[in-house]
Amino acid sequence: IKLLLHSSKKTYSIAFSRYINEMSVVENSSEIFTEGDQHTSQHNESSSLATTDTSSHSSLGASISTCDDVSFTPRSISIRSDDTTLTDNTCKQPTKPKQKRSLSLFSSSSTQGQLILHERPKGTPERSQKEQKKRLREYEKMVEGSRKRDLERIVSVREKQGHREQEQEELQKFWFEQVLPHWSDKIIHSKRVQEAWWKGLPPKVRAEVWKLCVSNELNVTEDLYGIFLDHAKKKLQIHDSVFSQKVESETDVPLHLLQTLKGRENTLESIRFDIARTFPTLAIFDDGGPFYEPLHNLLGAYTCFRPDIGYVQGMSYLAAVLTLNLDEYDAFVCLANLLNKPILQTFYRVDDRRMNLFFSGFDKLLASFFPKIAEKLTQIGMTSNFYMLDWVFTLFSKPFDIEVVCRLWDVFFRDGEIFIYRTALGILRMLQDEIFSLNEFVDVAQLFSKMTGKYNDHEHLFENISKINVTKKQVDQAMDSAEKEIGRTSFNAF
């Protein structure tokens, strides 16, 4: 193997790597040309590792050469080994092969304890017995300290968990004993209840509170739900029976069957595809999963209950959150009444004029609260319709994990649709550092589509939402201003 060392008025030291066992002869190395008459300091192992070229070191292997020490002066090289001394740029295999050893202090298991107890490299003085005992004491002290820290960490986690469980039990008792039996506007608007509500509802309380907040203005009964559910199942059977065979055109389908498939009830088939894409990381809505059938029933029944709306993509997220927290019938009642609210109805009926008014109004709110963020988003061409569409359609269910979503919905049911504006502004406040660091439309769009890391933590999110004090008056003013630009239309957001 030829080694070519090139230098300009300086001399570089190198480290040879041990040849693999199969090599029995080392070829003559080429003559090394250097300039200048400077004397070279004696080569040592640690400095050679720091100056060796990475590519040549990796190609020759990680082990060390049979020639233990290398030093060279201009135009000549002298190689010293334990058995022989060679000159004239030649390194020959010694008569007795040496055992491989590593120069590095880092072994395959590079723990701190192994570094402390690691034997010194061959050729260096052995540690004294006093030093060995000192090293051993340091190692034992380190291990003991590590165990102590681990124990403290475990105790801390258990204490926090126990504190959370105790807090949840106290909150649950408070809601069941002092709030729910005396439910009234006076009770729910009291300072204590509002503070407890902001922290998130206990899981066992959530279902009762959500039902009371949404109410049942549409008077949906359980019998009515059963009727629309049966209707949805029959529609799907007709669809499957018609399209299970190859149909080249609508003229091949019997007229009475074709008429039953007209309208937005046709969107029933889309439900099957969307359910599997709803909270995909949970995998509980997959076909055969525990919540697949209840979610399918809920969406199918609603599609037949409101054929003027039908099934719209994003509706599966709303239904999924309700299905996870309520019984099937109660979830249907909440979904039907929730989608009857002004903003959600605007979006699910795909009312373009009112949707544009909403987006324009939010842009004005954003410019009022965070002008620098608004300016940055405008520079990269990101208007609110690109990110608010998903956020509103799913009530922030798509970008966040289910735990965060449930707490957001708790406060949404408390405050009403104004919390949509507050949450959206809070998210943008939370993401402002990331937004200013990005310059591409695609990167910002990806940031808005899925929250990860600290941005998916409900405490961090609610800390930012708490800084947003948007009022109904401010929203109305923003909508009025947007209305003047777009044109007169009636849009009552509350």
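In which helix is S384 found? S384 sits in helix 17, spanning residues 384-393, where helices are DSSP runs of H or I with at least four residues, strands are runs of E with at least two, and both are numbered from the N terminus. S384 is buried, at 0% relative accessible area (buried means under 20%, exposed over 50%, partly exposed in between, with a 1.4 Å probe and protein chains only). Leaving aside residues up to four places away in sequence, S384 touches F359, F362, D363 and L389 (contact means heavy atoms within 4.5 Å).

The model is predicted, with local features needing pLDDT of at least 70 and side-chain atom pairs pLDDT 80 or more, while totals for chains, interfaces and linings use all residues. Residues are numbered from 1 along each chain as its sequence is written, and side-chain values use heavy atoms, without hydrogens and water.

Zooming out, the chain has 23 helices and 3 strands. Of its 494 residues, 40% are buried. Among contacts with a separation of 6 or more, 72% join residues 24 or more positions apart.

Then there is the largest pocket, with about 590 Å³ of space. A pocket here is an open set of points on a 1 Å grid over the protein atoms alone, where a 1.4 Å probe fits, with protein on both sides within 12 Å along at least five of seven lines; lining residues have an atom within 4 Å of a point. Of the 20 lining residues, Q168, K199, G200, L201 and H458 come closest to the centre of the pocket. Helix 4 gives the most to the lining, with 7 residues.

Key. Points joined across faces, edges and corners; volume = space filled by probe spheres on them.
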